[in-house]
Amino acid sequence: MLDSSLKAEGIKVGDELSSPLFEGTFKVIDFVDNKTFNHSPVALISQETFEEMFRTDEWQLLYLPDTTETISSLQSFSKKEFLSTIPSYQAEQMTLNMIVWFLVVISGMLFAIFFYMMNVQKIGMYGILKALGIRTSDLFKMMWSQMAMITIIALLISTAISQVFQYVAPDSMPYHLTLTTTLQLSLVFAVVGFIGSTLSGFQIKKIDPLQAIQQGEA
Amino acid sequence: MAQLQLEQIRKSFINGETEEEVLKGVDLALEKGEVTALVGASGSGKSTLLTIAAGLQPLTSGKVIFENQNLAELRAEQVRAIRARHFGFVFQSSHLVPFLTVREQLSKMMDIAGMKSTKHEQEAQIHRILDQVGMTHRLNAYPSSLSGGEKQRVAVARAIIHNPKVLFADEPTASLDSKRSKDTMALIQNVTKSLDMTTLTVTHDEEMLVYADRVVTMKDGQAESVESVGRFS
């Protein structure tokens with residue numbers, strides 16, 4: 001059984017493959033998803049074939065899901081510990097995580113600045129509404145409802161784009177955006193947008209209606 | 001009893017280390033159904049007097065009496081509530097909200113004023129006022145598609161949609177040509193009479209004084225003279 005990314009190489013079910021370590025041939029019986037090691041596709045073979053290929057009946061690695069059982073002569077690792085033993089895995093993950101969070105921070109800042117500027121630009125208009133007698137709390141409600149509407153539309157569009165990208169991206173690309181991550185990032189952006197618009201609200205709270213009246217057309 | 005009574009209004013500004021007195025004890029009584037025009041040279045204090053009367057800035061001393069309450073002694077929130085419910089404003093620029101249609105501008109003002117009315121009643125009031133200012137045909141227009149004169153008509157409609165008791169108009173014709181200025185002032189005079197309001201307006205344009213019932217000439221922070229319309233018409 002082969003990782004499904006090998007389909008792109010033209011390999012099909014029923015093909016026969018060979019290896020310099022094995023005298024016979026391997027017949028492809030099926031494909032499985034997401035079975036890679038260090039971004040290389042994995043081939044799953046029987047225990048007997050493995051022993052014949054490597055001339056040993058000792059196992060190098062045994063993966064037991066959902067168990068803490070230990071086997072004599074084998075060292076045991078948790079999944080996390082095992083992943084950290086893979087060469088350059090941690091360095092790669094750290095770099096990727098830094099890129100992701102750097103982008104999150106930058107876009108979050110842009111998001112907050114956008115709402116801040118959007119409201120600050122309308123300070124004159126808010127000043128006029130204050131002169132007419134609108135409550136400051138109603139101005140805050142107006143700003144928050146605008147923010148909520150824009151944020152929801154933006155998140156729906158960005159989620160749709162990211163999901164479409166996930167669908168069309170090549171299998172070999174290590175890109176997997178889960179629903180949990182999507183929801184977490186959406187929440188981060190909603191909070192950041194709220195902070196941005198609330199900060200501008202404090203500027204609007206301070207505006208003198210007289211100043212707005214004297215500044216010409218809102 | 002006057003609708004709005006100004007008693008010994010004084011206003012000083014601190015300019016560096018010196019104190020500048022802009023209003024030096026102005027008395028003025030504004031009656032129902034009357035348009036009072038404030039005239040005078042720049043810096044005479046007429047706009048300051050209007051904004052103090054409207055509760056838009058604090059005064060140094062004196063009284064602004066509206067419905068037996070002295071606005072100078074009320075908390076900011078109480079003044080805001082009076083401004084929203086009982087005062088209407090027309091400014092030099094129309095200051096319409098750019099992303100609201102004419103109908104929405106008026107509907108928003110009714111909300112600000114806290115008017116409790118059904119959708120049907122609100123719609124009827126909007127149509128009645130727009131009919132009065134001759135703007136029913138632009139009900140769904142945005143400010144960007146209105147001419148200067150139309151914008152000012154909508155501004156007048158917004159100022160009176162909630163049936164205020166006092167209308168403040170700070171140079172409402174300053175950005176209009178002669179014909180539109182006359183139309184706007186005639187409209188303000190007309191709604192003052194028909195709604196039995198009190199209007200206080202500031203103007204630089206002597207031609208507009210024919211639309212006032214009384215003209216108060218401000219000079220050096222004082223009301224130099226108060227004259228009836230007879231002299232100007």
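**D196(B) is a partly exposed residue, with a relative accessibility of 42%.** Partly exposed lies between buried (under 20% relative accessible area) and exposed (over 50%), with a 1.4 Å probe and protein chains only. This is a predicted model, in which local features need pLDDT of at least 70, side-chain atom pairs count only at pLDDT 80 or more, and totals for chains, interfaces and linings use all residues. Residues are numbered from 1 along each chain as its sequence is written, chains are lettered from A and ligands numbered from 1 in the order in which they are written, and side-chain values use heavy atoms, leaving out hydrogens and water. The loop that holds D196(B) runs between helix 6 (178-194) and strand 8 (198-202) of chain B; helices (H or I, at least four residues) and strands (E, at least two) are DSSP runs numbered from the N terminus. D196(B) is not a glycine, yet its phi is positive, near 55°. Most residues other than glycine have a negative phi.

**Q8(B) has a positive phi within a strand.** The phi value of this residue, which is not glycine, is near 45°. The strand is strand 1 of chain B, residues 4-15. With a relative accessibility of 37%, Q8(B) is partly exposed.

**E150(B) is buried in helix 5 of chain B.** Helix 5 covers residues 148-160, and the relative accessible area of E150(B) is 18%. Its side chain makes a polar contact with the side chain of R138(B), at 3.2 Å. A polar contact is a pair of N or O atoms within 3.5 Å; within protein, one must be able to donate a hydrogen and the other to accept it, and residues adjacent in sequence count only if both atoms are side-chain atoms. Leaving out residues up to four places away in sequence, E150(B) touches M135(B), H137(B), R138(B) and S145(B), where contact means heavy atoms within 4.5 Å.

**K219(B) is a partly exposed residue of strand 9 in chain B.** This strand spans residues 214-219. The relative accessible area of K219(B) is 46%. G16(B) is 203 residues from K219(B) along the chain, and their C-alpha atoms are separated by 24 Å.

**Helix 4 of chain A is largely enclosed by the rest of the structure, because ten of its ten residues are buried.** The helix runs over residues 123-132. Its buried residues are I123(A), G124(A), M125(A), Y126(A), G127(A), I128(A), L129(A), K130(A), A131(A) and L132(A). G133(A) follows the helix and has a positive phi, near 115°.

**Chain B, the setting of four of these views, has six helices and ten strands.** Its C-alpha trace spans about 50 × 40 × 40 Å along the principal axes. Of the 233 residues, 52% count as buried. Among contacts between residues at least 6 apart in sequence, 69% join residues at least 24 apart.
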